[in-house]
Amino acid sequence: MNPDPDKTRTANRHETGGLPAIEEHDLPQGRHQFHKERLMSQIHDDRRTAAARTPRNPFLRKAILLPAATALAGALAVGVLVLTPGGNDNRGDRATGPALTTTIGAVDTKGAPLLLDRISLAAAGAEAPSSRAGQYIYIETRYANTHVKTVGDKSSLVSDPLHTRQSWRSPDGLKGWLIEPGNTGPEGITLEGRDEQGNVPKPHLGAPSHDYLASLPTDPDALLRKIYKETEGQGNGKDQQAFTTIGDLLVESWPSPKLTAALYRAAAKIPGVVMVDSATDAAGRKGVAVARLDEASGQRTEWIFDSRTFTFLGERTVQVKGDGGEGGLIKPGTVVFTHAIMVRAFVDDIKIVP
């Protein structure tokens, strides 16, 4: 129990086991739904067990239980998701000289649909966070990247230190604040204002507001059609851009449980999506990944999930094929970008943290 309400409160950290091997078999009629219901029941049982093991914080009036190594916080009935950082044993990702490198996980080209089905069931069963009028969505992430730096006529590969990024957004997207080392000063910058043409920015898939997310279809087919249509001509092909767009929505916003589940089911319909047996996020948390290789760059974007509870932890992009960057300095195994979700919450004003 943590007696100090001003300090971060975290629940017990649970060890994550390996994901069972996934094999595909044809099921008799009706059995698929049976297994879904059984899995859903097991997920709820795991949550009740976790809740029983978690000490009650006397300063909490109401908290929302969320899957995967979560911390429960949020006075005044504010929903909060806090994901606990991993331990110090991060041998899967290591700094080699100035570059962040990783052990490339093994790919299962047939395992992604079943894995995403399990992930979507867990997401749909999560309790929706509550909010009050006038509150802001607070998102805290950790991130780092590796890039080619050129000074004069000499280029080298460097990695920026791990940073913490904090953003506050009003549900309509018109007000906000950002603190991001390297891009803003210590006090941060406002996200309120007009675009280059002097117009009030209109939310869209590439820059959604919380209210905009609530307007998106939750039918996976309709959702995927909308993503394809609105991102046409962007990125390295329509399938890669659709996968990237869904990943951005998962990391940079806080979709409802129903929309989150639909995003996972939509991703399962994108050609080329695979399962990766092992991946580590920016906070050192290990898990299983859903990924897609960008054939143009040779880089694989991986969405990382807790391998037991299927909670979304973050994403990373890894060079896995060929050499990338200026002069081919980015070799296979280089982590080009890594992003971990640490906190998502409703708070009363900008610069307030849960």
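This is a predicted model: local features need pLDDT of at least 70, side-chain atom pairs count only at pLDDT 80 or more; totals for chains, interfaces and linings use all residues.
**Reading salt bridges, burial and strand pairing**

Student: How many helices and strands does the chain have, and what percentage of its residues count as buried?

Tutor: Helices (H or I, at least four residues) and strands (E, at least two) are DSSP runs numbered from the N terminus, and in this chain there are six helices and 15 strands. Of the 354 residues, 46% count as buried. The accessible surface of the chain (Shrake-Rupley method, 1.4 Å probe, with only the protein chains shown counting as cover for residues) is about 17800 Å², and 51% of that belongs to carbon and sulfur atoms.

Student: How many salt bridges are there?

Tutor: A salt bridge here is a side-chain nitrogen of Lys or Arg within 4 Å of a carboxyl oxygen of Asp or Glu, and the count by this rule is 12. In one of them Asp-348 pairs with Arg-132, whose closest N and O atoms are 2.7 Å apart. This pair links distant parts of the chain, with Asp-348 in the segment after β15 (335–347) and Arg-132 in the loop between α2 (112–124) and β6 (136–151), 216 residues apart. Asp-348 is partly exposed at 39% relative accessibility, and Arg-132 is partly exposed too, at 36%.

Student: Which side chain meets Glu-252 in a salt bridge?

Tutor: That of Arg-165 does, at 3.3 Å from N to O. Glu-252 belongs to helix α5 (residues 238–252) and Arg-165 to strand β8 (residues 163–169), so this pair ties together parts that are 87 residues apart in sequence. Glu-252 counts as partly exposed at 40% relative accessibility.

Student: Where does Lys-321, the residue we began with, find its partner?

Tutor: Lys-321 and Glu-295 meet through their side chains in a salt bridge of 3.0 Å, N to O. Lys-321 sits in the loop between β14 (312–319) and β15, and Glu-295 in the loop between β12 (286–294) and β13 (299–305), so to speak two distant parts of the chain, 26 residues apart. Glu-295 is exposed, with a relative accessible area of 55%. Elsewhere, salt bridges that share partners join Arg-165, Glu-180 and Glu-252 into one network.

Student: Is helix α5 mostly covered or mostly open?

Tutor: Helix α5 is mostly covered, with 11 of its 15 residues buried, including Phe-243, Ile-246 and Leu-250. From first C-alpha to last, α5 reaches 21 Å, close to the 21 Å expected when the span is taken as 1.5 Å times one less than the number of residues. Gln-241 lies in this helix and is buried, at 14% relative accessible area. Contact means heavy atoms within 4.5 Å, and, leaving aside neighbours within four places in sequence, Gln-241 is in contact with Thr-231, Gln-234 and Gly-235.

Student: How do I read strand pairing, and which strand do six bridges join to β12?

Tutor: Two strands pair if DSSP finds at least two bridges between them, and six bridges join β11 (residues 273–280) to β12, the two running antiparallel. β12 also pairs with β13 in the antiparallel sense, over seven bridges. Arg-292 of β12 stands opposite Val-273, and in β13 its bridge partner is Thr-301. Seven of the nine residues of β12 are buried, so the strand is largely enclosed by the rest of the structure. The hairpin of β12 and β13 has four residues between the strands, and there Gly-298 takes a positive phi near 80°.

Student: What does the side chain of His-339 make with that of Thr-141?

Tutor: The two make a polar contact at 3.0 Å, a term for a pair of N or O atoms within 3.5 Å where, within protein, one must be able to donate a hydrogen and the other to accept it, and residues adjacent in sequence count only if both atoms are side-chain atoms. His-339 has its place in strand β15 and counts as buried at 4% relative accessibility. Not counting residues up to four places away in sequence, His-339 touches several residues, among them Tyr-143, Glu-252 and Gly-314.

Terms used: Residues are numbered from 1 along each chain as its sequence is written. Side-chain values use heavy atoms; hydrogens and water are left out. Buried means under 20% relative accessible area, exposed over 50%, partly exposed in between (1.4 Å probe, protein chains only).
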